[in-house]
Amino acid sequence: MAPVRLDLTHRLSQALGVLDRPGVGLIKPEVASDEVLASVHDPEYIRAVRAVSTGEVAEDLERGLGTDDNPVFPHIHEASARILGGSVAAAEAIWTGEVLHAVNFAGGLHHAGRGKASGFCIYNDCAAAIQRLLDRGAQRVAYVDLDAHHGDGVESIFWNDPRVLTISIHETGISLFPGSGFANDSGGPEALGSAVNVALPPGTGDAGYLRATHAVVPQLLRAFDPQVLVTQHGCDGHGEDPLTNLRMSVEGQRQLALDASDWARDFAGDRWLATGGGGYSPFSVVPRTWTHLVAAATGQPLRTSTVIPQAWRDYAARAAGLGPGEEMAGIPDTMSDGVDVWWRSWEVGYDPSDPVDQTIMATRKEIFPYHGLDPWFD
């Protein structure tokens with residue numbers, strides 16, 4: 001979660017002219033107030049974050065503050081509340097019609113729960129953005145989580161709220177943190193079918209991930225008919241990521257951004273809020289994937305053959321600690337991994353011996369009937 005990820009993404013988007021396109025603007029987010037934070041977090045938890053932020057207490061392990069995953073540092077409250085404030089401001093701008101699309105690539109902190117930090121996440125900006133939309137009058141908001149890790153925090157916050165459809169496509173919790181998000185985790189008693197989980201086997205690459213996504217997401221979005229789409233684009237499913245076991249490429253993750261743009265247009269009145277998320281290859285993967293995301297949100301996707309300016313590569317090399325003349329291994333020169341993205345559509349057929357297809361069918365059989373869909377044919 002090193003801040004250099006955000007710096008490099010912003011600079012790459014700028015260097016490729018994405019931020020200078022017509023209609024693109026930048027909003028400086030405010031630090032969210034305690035009232036805004038309390039829309040999705042317990043007041044006692046907010047006070048605990050403030051306490052470790054000022055040094056009043058060193059840690060609060062009961063609330064996940066001071067653990068290996070969530071080390072505390074000065075002003076952790078302000079930094080985390082500003083990220084949340086950005087996603088809330090984006091949701092507000094979309095709901096009022098100021099913009100159709102908004103991106104907060106600093107956001108996507110989907111593990112934070114109502115009263116506990118988890119998985120590098122202190123405040124849950126995705127949940128706060130969704131809650132702001134509900135508070136402004138939205139009746140149906142869809143959240144699609146494309147991170148390698150289960151979007152457990154967002155799911156838990158809206159577990160029993162039928163107004164929010166949460167869909168998470170992730171590596172199975174059998175092999176990856178947070179150990180949750182299985183097909184039969186389908187929502188609370190008042191919202192059965194509102195939580196959707198596709199738990200993919202380790203080693204799944206572009207073809208399997210995209211097949212699973214396209215076999216579940218558009219069908220449910222069509223049935224749910226959301227007024228706004230919120231997506232989380234953690235890029236830790238990339239094959240170079242050191243924390244996960246998926247095998248995606250930048251091209252595959254670019255395709256997911258294009259898909260999200262299409263889903264917003266086709267199913268959500270073209271209202272789309274995209275966030276970042278995980279991603280632990282900060283020089284090679286994250287800036288390219290999220291720059292593709294920002295470009296997709298502008299309606300003008302970047303070609304994968306786009307050459308990365310040398311000035312950005314030099315800056316990235318310095319940020320990585322490389323000296324003059326050192327080999328720039330790991331600093332990419334194009335917006336591509338050099339792979340062709342392809343996946344087999346679900347309509348082509350179902351292979352009961354394929355682990356990815358088994359995962360897809362488990363989710364469809366569990367969830368589709370709640371939405372009036374046939375798990376075998378829709």
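Cys121 is buried, with a relative accessible area of 2%. Buried means under 20% relative accessible area, exposed over 50%, and partly exposed in between (1.4 Å probe, protein chains only). The model is predicted: local features need pLDDT of at least 70, side-chain atom pairs count only at pLDDT 80 or more, and totals for chains, interfaces and linings use all residues. Residues are numbered from 1 along each chain as its sequence is written, and side-chain values use heavy atoms, with hydrogens and water left out.

A search of the whole structure finds 0 disulfides, a disulfide being a pair of cysteine sulfur atoms within 2.5 Å. Cys121 is accordingly in no disulfide, and the nearest cysteine sulfur, that of Cys126, is 8.5 Å away. Cys235 is also buried, at a relative accessible area of 1%. The closest cysteine sulfur to that of Cys235 belongs to Cys121; the separation is 14 Å, too far for a bond.

Strand E3 comes next. Helices (H or I, at least four residues) and strands (E, at least two) are DSSP runs, numbered from the N terminus. Two strands pair if DSSP finds at least two bridges between them. Strand E2 (residues 141-145) runs parallel to E3, and 5 bridges join the two. In this pairing, Tyr143 stands opposite Thr166 in E3. The chain passes from E2 to E3 through helix H6 (residues 152-157), in a right-handed β-α-β crossover. A crossover is right-handed if, with the strands pointing away from the viewer, the path from the first strand over the helix to the second runs clockwise. E3 also pairs with strand E4 (residues 195-200), in the parallel sense and over 6 bridges. Here Glu171 stands opposite Leu200 in E4.

Backbone geometry was examined in the loops. Most residues other than glycine have a negative phi, and most peptide bonds are trans. A cis peptide bond joins Phe177 and Pro178, with omega about 5°. Pro178 sits in the loop between E3 and E4. Phe120 is not a glycine, yet has a positive phi of about 75°. The loop that holds Phe120 lies between E1 and helix H5 (125-135). Phe120 counts as partly exposed, at 31% relative accessibility. Asp225 likewise has a positive phi, near 60°. Its place is the loop between helix H7 (206-224) and strand E5 (228-232). Asp225 is partly exposed, with a relative accessible area of 43%. Val40, in the loop between helix H2 (34-37) and helix H3 (43-54), counts as buried at 0% relative accessibility.

On a 1 Å grid over the protein atoms alone, a cavity is a set of points where a 1.4 Å probe fits but cannot get out; a pocket is an open set with protein on both sides within 12 Å along at least five of seven lines; lining residues have an atom within 4 Å of a point. Grid points are joined across faces, edges and corners, and a volume is the space filled by probe spheres set on the points.

The largest pocket has a volume of about 1,400 Å³. Its lining holds 44 residues, and Pro29, Val103, Asn104, Phe105 and Ala106 lie nearest the centre. Helix H1 (4-15), helix H4 (76-96), strand E1 (101-104) and helix H9 (286-298) are the elements that give two or more residues to this lining. H4 gives the most, with 9 residues. By class, the lining has 28 nonpolar, 10 polar and 6 charged residues. Ala, Val, Leu, Ile, Met, Phe, Trp, Tyr, Cys and Pro count as nonpolar, Asp, Glu, Lys and Arg as charged, and the others, Gly among them, as polar.

The second largest pocket has a volume of about 170 Å³. It is lined by 18 residues, and Gly119, Phe120, His149, Phe177 and Tyr280 are the closest to its centre. This lining divides into 8 nonpolar, 7 polar and 3 charged residues.

The structure holds 1 cavity of 30 Å³ or more. About 30 Å³ of space lies in the largest cavity. Leu146, His233, Gly234, Gln253, Leu256 and Thr289 line it. By class, 2 of these residues are nonpolar and 4 are polar, with no charged residues.
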